[in-house]
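Me: I'd like to learn how to read a ligand site and a domain interface. Can you walk me through them?

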Amino acid sequence: MERWFKICLLLCLFGVLKELRPSEPFLTEYLVGPWKNLTTDQVYSEIFPVWTYSYLALLVVVFLVTDFLLYKPVIVFEGICYIMTWCVLIWGQGVAAMQGVEFLYAAATATQIAYNTYIYAQVPLSKFQVVTAYTQAALLTGRCVAGILGQVLVATGLCDYYTLNFISLAFVSAATVVACFLPSVSQSIYFHRGKPREDDKAQDQLNSQQTHDVKEVHQITTEDSESEPEWTLTSVYRLLWIDFKASFSNAYMLKWSLWWAFAMCGYFQVLNYIQPLWETVAYTSEATNIYNGAVEALHTFLSALAIVAIGYTPVNWSIYGEPVIAVISLFEGAMLYIAGTTNELWVTYVTYMAFCITYSVLITIASSEVAKGLKQESYGLVFGINTFLALFFQTILTLIVADSAGLALAPPDQFKVYGGYYVVLGVVFISMAAYNAGRRSGRHRAET
Ligand SMILES: *[C@@H]1O[C@H](CO)[C@@H](O)[C@H](O)[C@H]1NC(C)=O
């Protein structure tokens, strides 16, 4: 078996196991249930916001630490964070302990970046896309199976929400063991560079205005690799800055990145508060059957199908990107608004699934458009920066609408706000599309 394939298998196994957390769709039910006896107010406006704040705070550190520690220890650490999350979730009591759970969970989410960038360091460039596809499929499979497993165990009465957490704990522990078998990495992008970048020269020609900078760094890294392979703060800072400038100086990239960040902000917020919404609607409509797990499984599966379909659809996104983003954003806004106004549990399920599936499609398009304009090495940085922006916006949104220090709106009202947020996003992109179309036809007329 070839080395890259063995690594790919390990990564997929880790991915499936760590996503096998069947208790997750029922987290809110568990927290407000007899095991923890927390009030919905405590859960919604004191506990859940902690995830957003912690993720934002940890992301910057994690990005650099991942590179510095050479990926693998951070992947193992991700597993350990999940184990600690479930230990505190099972045995901890009270608001402070559950805020600790959210912090640990945020640490696990933030270190996911190591899983994504490890591929870059260990897999040959020619296999990069295949391995990325496999690992993403592994994550989706894990999530889908977790949803089904959780739903079946709850529906058949084999497990209550408490016992489900032990199953999650077992799977994330197994994932951590698998992570230990991943081979170590000896080179990274910023701190531990073995050789100067091969594409520095090509970039040199691409960015004529930055020629000076690039040459200088190219020389520095060449010298580094010959005399002493150690990094210096200045060299790391310069490499980061050059990647940053090269990545974001292009207006097309900037447009997709901004949309990406804004959409991700809304998506994270919906993920964080969909369970409170379900809980609220189920309570007011006195629904007895909860299908949270089935819904998570179904939309994960349908999103995967949609993503594959998009891969086979030949569309020139540089022309149709803006109108498609605009229309789908408006659609998503409508879905969230409906979810916030309905009293029927099944309506919130369907609108949530429609939202998630269209989001996955758009984010796939956005990330492939962004990736087109990038060197593969910069991908981690751009992804990190976009996620950082998303979390920054989300922190503001959470503080205003969800936190006990802000308005602390009820979940249905929150969803009306999120619906409005996507409508604004859609209107902005419609205006941009109209402006660009006008300019194009104006230019066309001038030419003929
Ligand atoms: C939660 O409340 C129920 C009913 O009041 C009680 O039986 C149970 O022991 C409580 N659980 C905890 C963990 O405090």
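Predicted model: local features only at pLDDT ≥ 70, side-chain atom pairs only at ≥ 80, totals over all residues.

Reply: Start with the ligand: a backbone N or O atom of P34 lies 3.2 Å from a nitrogen atom of the ligand. Residues are numbered from 1 along each chain as its sequence is written, and side-chain values use heavy atoms, with hydrogens and water left out.

Me: How far is the polar side-chain atom of N37 from an oxygen atom of the ligand?

Reply: That distance is 2.3 Å.

Me: Which residues are around the ligand?

Reply: "Near" asks for a heavy atom within 4 Å of the molecule. Here you get P34, W35, N37 and Q93.

Me: OK, now the domains. What are their bounds?

Reply: Bounds come from an automatic or database domain assignment. For this protein it gives domain 1 (1-192), domain 2 (198-247) and domain 3 (250-448).

Me: How many residues of domain 1 and domain 3 are in contact?

Reply: Contact means heavy atoms within 4.5 Å. By that rule, 34 residues of domain 1 touch 36 residues of domain 3.

Me: And what area is buried between domain 1 and domain 3?

Reply: Buried area is the accessible area (1.4 Å probe) that two parts lose on being put together, summed over both. Here it's about 3,200 Å², with carbon and sulfur atoms giving 65%. On the domain 1 side, Y44, Y53 and L56 lose the most area to domain 3, together 19% of what that side buries.

Me: How many salt bridges does the rule find across the interface of domain 1 and domain 3?

Reply: You'd look for a side-chain nitrogen of Lys or Arg within 4 Å of a carboxyl oxygen of Asp or Glu. The rule finds zero salt bridges there, but 13 residue pairs in polar contact.

Notes:
Polar contact = N/O pair within 3.5 Å; in protein donor to acceptor, adjacent residues only side chain to side chain.
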